[in-house]
Each structure stands twice: as C-alpha cells, then as structure tokens.
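Dear colleague,

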Amino acid sequence: MMPTEKKRTITPEDLYHFQLVTECRISPDGDCVVFSVQRVDEESEEKYTNLWIVPAGGGDPWQFTHGDHTDTKPRWSPDGTRIAFLSNRVDEDQPQIHTIPFSGGEARQLTDVKGEFGTLEWSPDGQQLLCQFRKKDEEVIEREQDQQKEEPGVVSRRIERVFYKLDGEGFLPVERWHVWTIDAESGALTQLTDSEVYDELDPRWSPDGKRIVFHSNHADDPDLDPDAVDIFVMPAEGGEPHRLNTPIGPKQKPVFSPDGKWVAYLGREGRGVPWKNTGLWVAPADGTGEARNLTEQFDVSVSPATINDLPGHLPMSPPTWSQDGDRITVQISRHGNAVLQSVSVSGEDESLPTVVGGDGVVGSFSVSDEQSMLAYLRADMKEPAEVWTCQLPDGEPTKRSHVNEALLHGIDLGEVEEVWFKGADGHELQGWILTPPGFDPSQIYPTIVEIHGGPRTQYGHLFMHEFYVLAAQGYVVTFSNPRGSRGYGEEHARAIWNNWGSVDYADLMAWADFVAEKSYVDPARLGVTGGSYGGYMTNWIIGHTDRFRAAVTQRSVSNLTSMYGSSDFNWSFQQEFGDQPPWEAFESYWQQSPISHIGNATTPTLVIHSENDLRCPIEQGEQIFVALKKLGIDTEMIRFPDEPHGLSRGGRTDRRIERLEHILRWFERYLKKDEA
C-alpha cells in the first residue's frame, strides 16, 4: 500500500505561484473557449497575461498567445475565424487592439492611438469593432514627446470637476470616454460621440448592426448628480441619440433584445439609495414606453457581489437574452453564492430558475450563437476561478481548465464549515468557520474574526488566500455577513444606512459570541481584522469593546467628516449618511466616526495603509495611529508606497506578501505569546 502524500500548508509566497483566469468567451459555434491567464514573474514583479484556448466539449487547453506582455479582452469575430484582443506587446505603456487568426498566425496590430480602451465588441457583420475609448490629453502627449517638458514633470494641475481622481488610476484626464468604431481591416477609427462634459459608456450593437446603445449621465454637472444616468440609442454611423424612458438611478450593461425592440440593463431606481438591490430592467428601444424591473419581486441583487483577494476574474456580465427574447440570464448574489438565473421578460415567474449554481461564484459568462453551449468562470472556496462549460438547456456543468490544480493538489488548506446563527435581534445570519490543517477538536485555538469591506458586498464561497495563510499558522478563521451586506435582501442591506456602527456591530458581536462558544476556540485569544469598511468596523470595535486581544485595521475609515471630499468618491459618500453633507449633519457624521470613540480603546492595533489610497485616504489610518500612540496603546503603522486601496487584491506581489507577514507577526505577538 502506497503511503499517503503529506501535503504542505499554504504560504504568503504562494501569491507568486497562483495564476488567475481573468475572462472567458465562447466561440460563435460553441466549439472552443478563449480565456486569459495572468501570471507573475517573481524576479521582475511584473504581471503578464496570455490567451489560452480550450475545447468546450472536452480536451486539453493550449496556450494561444505567448510572450511577456499583457493580452486581454479576447473577442471572437462573428464567423469565428479571428479573435480581437487588447495587447501591450508593441508598447508596454500603450495597449492597442490586435487581431489574430484562430487557425494560427501572427497577431496584427489594428490601432495606433494614445489613450485607454474600455468595452470592445465586433459588429454583427464582422466589418467593424465598437469600443469605448478615452483619448490621452494633448498636454500629456506633448510632455511625453518633449524631453525638456518631461524631465521637470507637471508644474501645476488645474482642477475644475469634482470627480477628478480615481483610486488605482490617479488624476483623471480632461478627456472623457466616448463611443468609437474601428474598421476591422484598415484600423481606421471613427469617433461617434464627443463631449467635454459627458462620458458615454458600455456601447453595444443592435442585432442588425444599425444602432448602438450606451449609457451616459447628461445632468448639467454629472459629478454633482451621479445617479442621473440614462440609456441612449443612436444610429450606428453616428448622429443624435434618443433617450429611453427609464427611472432616475445608476444604470449599466445595456443590451438589445434579439429582435432589437427592447433593451435590457442593470440598475437601481432613485437618487442616493446605495442600499437598493441592483435589478434587471427592460425598456422599449424606441423610447416610447416605460422601463420595467423584472427582478423586484424576488428581492435579489443582480451582481456577483462577493469579495475575495485573488482578483479580476469574477466581474459583472451583461444580461444575456434567449434566442426567442422571452427570457434573460443574469448573475444573482444570494447567501454567499453568485449563480446564473433565468428571468422571464413577461414577469410570469414565481421563482427564478437556476441555469448553473451550487456553492460558488459565477463570473463572466457567454453563450454560443445557437445558445447550445454556455461558457463561464466559476470559483469556490477550494480554488480560484476556472473555465467551465455546460450544454444547454440542462447539461452537466464541467470544469475545462485546471490552471491552479497542480499547485493546490499539494496544499492542505484546512476545512471550512458553513453555519447559520442568531443575530443580535434574533434574525438568521450566515457565517463560516475555517479550521487549520491538522485540526484537533480537543485542542484550543486562537481565533480571528475577519470583516469584509463594502459594506454592500458579501463573504461567501470564494477562495481567500489570506484566510488560508492565517489558518496555516494555527488560527481558526471566522467570517460572516452582518446586516449591511449584500445577498440577503434589501432590508438586510438597508439596515445600516446612515447607521454605521449600530446593528452591524451588534451582529458581529453576536458572531463573536457564537464562535467563542465553540469548544476549540479560546475566547481569551480573539483577534479581529478587516479592510476598507472592514477597517472601519475594526476601528469601531476597538473603541467599543476590549474583548479582542489584538486588531489589525487595514485601509480603514476613521473620520467621516475629514473623509468628505478627500476620497475619490468625494462628496457622494454623503449618500450613505442620510444624503446630507457634514455641515448639515455634523453630529451624525461624528457619532458614526470611529475616531470619536477611540478614547475608549485598549486593544493593541496594527494600522496598515497604502500611501496612494484614494478611496480611503491615508490620513484616515494616520488619525487612528496617532490617537492610539497618544493613548499609550501598543500600535505600529505599516505604509505601502505607490499602492492604491486594493493592495491586498492587486498590488505588487512582494508588497502583498509583506502585508501578510506583518499581519501574521502582529497576531503571533498577541494571540500566541502565552499559548503554553
């Protein structure tokens, strides 16, 4: 009898070894799937992405493009003979659209422009490509081309708009996003929309190729009325667009029906109501009738909405119409999962039929022209996203890619248990308990409570590298979805509107109580950590209880008043706090700010923040660090240069590893020092 192979535990350094599947598209005939795979070069710290192909019906994947560059957004031509994609293979700082024959051959550069590409898709006849493109500012181009101007850099910045920066991007250009078409043979570009004020986003063709749908905010000042988004339809050759009859509210992902008479889109109704579910809507494409919310009766949110730390591979996909136009398939987030469900356009459904589901999260998906084959990305707690296919209408889902299988085969991750428990007000809440590799229920373990960001996201059946790293060091790791989270209906999400630090805190303490009662948990050795809104709650917790022996607050919010206007979200954070600015509701802002309660803190707390965090500016972490120092509480601040808010998910890999090592060091000091 062969001895059982001993598995190792996961490490922070394994971030160098994971490969991320970032997108997949099925061919028009349903035979093959193209997908992107991102890898990290450990020596240079560079991230590269190449395209791969896998047969939809079974067979080994093969690498389709090669080289140390980034190939993304693969799109099949309507006849399946070519793939268009975005690549920086010619200029690493300026991606361009390329096309490559599926039968083999060299990629051909199609465009030669300076700027950023957004959405990209072929025209139905395969003669053109439609894209969302934002030109680079002329001032920037001149500086790049003139050595004398480039060396001293920017002298000053003139800011005229309110939303002038974005986390992960920095200062936004003066130019706006517009709709362009590209000749698929010559590469000639035609700009169809132009405005110094409006962005035109998410453009898509009508089935006959004669019209284009997009969404845009045409308020007098879109930055001061960000929810005033409308859906527009315009002639494919350009011209005056007409506005569809839709209610006020944010909107995205518009798609024509197969007969071109309707447009489906995802959106919310109302201004300043971030707690509302994102719904699936349909509106007449000619603008004559009113839009209808097809999912309102089901109290679900149409989005993946689930948090993880191996990013980029589970985005929101546009609605997908059935061939007869009777049904639409969308992603639905619920109870820690994101599944594909089918929605009746007529509204006849009493429940939503599931297309593919189970415990996991479905990301980007597409169907073949005849809608006989579905391709999608799916991840769960045991592995990051892989490519799956399913024969429609009722075939068995099958995993087709295995990019991380060899790595994970040799790793013991521990075991995860899903539990439901009573919240602070007696309602049902969902959580998970991860026990370490080699777990012995007769032993007592230090335990960490993780708190998600958002707040309107959810923890769920997704691979969290950080959690497994903590478990590998002998911690029980616990996480839950308190009120304020997505996936449990509108009332659950709305409960903390203008009420942060209330029922969410109560639910987290009920979770801590539930966990502490486990026979294998040492209630005297509890730690707490979270990032963004999870950092907010960590700051709130140390100002309201001493039950945790150590805390790590990451990219946190501490002072809602000082954050007003300094975040890239700018003034719009007020929509979360009664939709009033702080000078009209100072007491409310102050009482909901963790810094107002920090004088009660006694918990040793590590503060982690990125210096280029524009979502939660670093002064938010600085305030907590200085206050704890002044109070004489053991604290340190770890600052990461050049990194944005999303360091833990997409930052430079050595910095992500360093971050994990600091978290481990801090909890080791306080949760294990008297273990014996």
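What follows is a set of notes on the structure, arranged by region.

This is a predicted model, in which local features need pLDDT of at least 70 and side-chain atom pairs count only at pLDDT 80 or more, while totals for chains, interfaces and linings use all residues. Residues are numbered from 1 along each chain as its sequence is written, and side-chain values use heavy atoms, with hydrogens and water left out.

I begin with the open sheet. It has 4 strands in the order 1-2-3-4, with antiparallel pairing; strands here are DSSP runs of E with at least two residues, helices are runs of H or I with at least four, and both are numbered from the N terminus, while two strands pair if DSSP finds at least two bridges between them. Strand 1 (20–26) and strand 4 (62–63) stand at the edges with a single partner strand each, so one side of each is left without a neighbour in the sheet. Strand 2 (residues 32–40) pairs with strand 3 (residues 47–55) in the antiparallel sense over 9 bridges, and Ser36 has Leu51 in strand 3 as its bridge partner. In the loop between strand 4 and strand 5 (71–76) lies His66, which is exposed at 51% relative accessibility; here exposed means over 50% relative accessible area, buried under 20%, and partly exposed in between, with a 1.4 Å probe and protein chains only. The C-alpha atoms of His66 and Tyr48, which are 18 residues apart along the chain, are separated by 9.8 Å.

Next come the cysteines. A search of the whole structure finds 0 disulfides, a disulfide being a pair of cysteine sulfur atoms within 2.5 Å.

The hairpin has 5 residues between its strands, and Gly126 in the turn has a positive phi of about 75°. Strand 9 has 6 of its 8 residues buried, so it is largely enclosed by the rest of the structure.

If neighbours within four places in sequence are left aside, Ser123 is in contact (heavy atoms within 4.5 Å) with Pro78, Gln128 and Trp205.

Most residues other than glycine have a negative phi, and most peptide bonds are trans. A cis peptide bond joins Leu392 and Pro393, with omega about 15°, and Pro393 lies in the loop between strand 29 (383–391) and strand 30 (398–399). Another cis peptide bond joins Gly454 and Pro455, with omega about 0°, and Pro455 lies in the loop between strand 33 (445–451) and helix 4 (465–472).

Asn498, in the loop between helix 5 (490–494) and helix 6 (503–516), has a positive phi near 55° and is partly exposed, with a relative accessible area of 27%. Ser532 also has a positive phi, of about 65°, although it is not a glycine; this residue is found in the loop between strand 35 (521–531) and helix 7, and it counts as buried at 14% relative accessibility. Helix 7 (residues 533–542) is mostly covered, with 10 of its 10 residues buried, among them Tyr533, Met537 and Trp540.

With best regards
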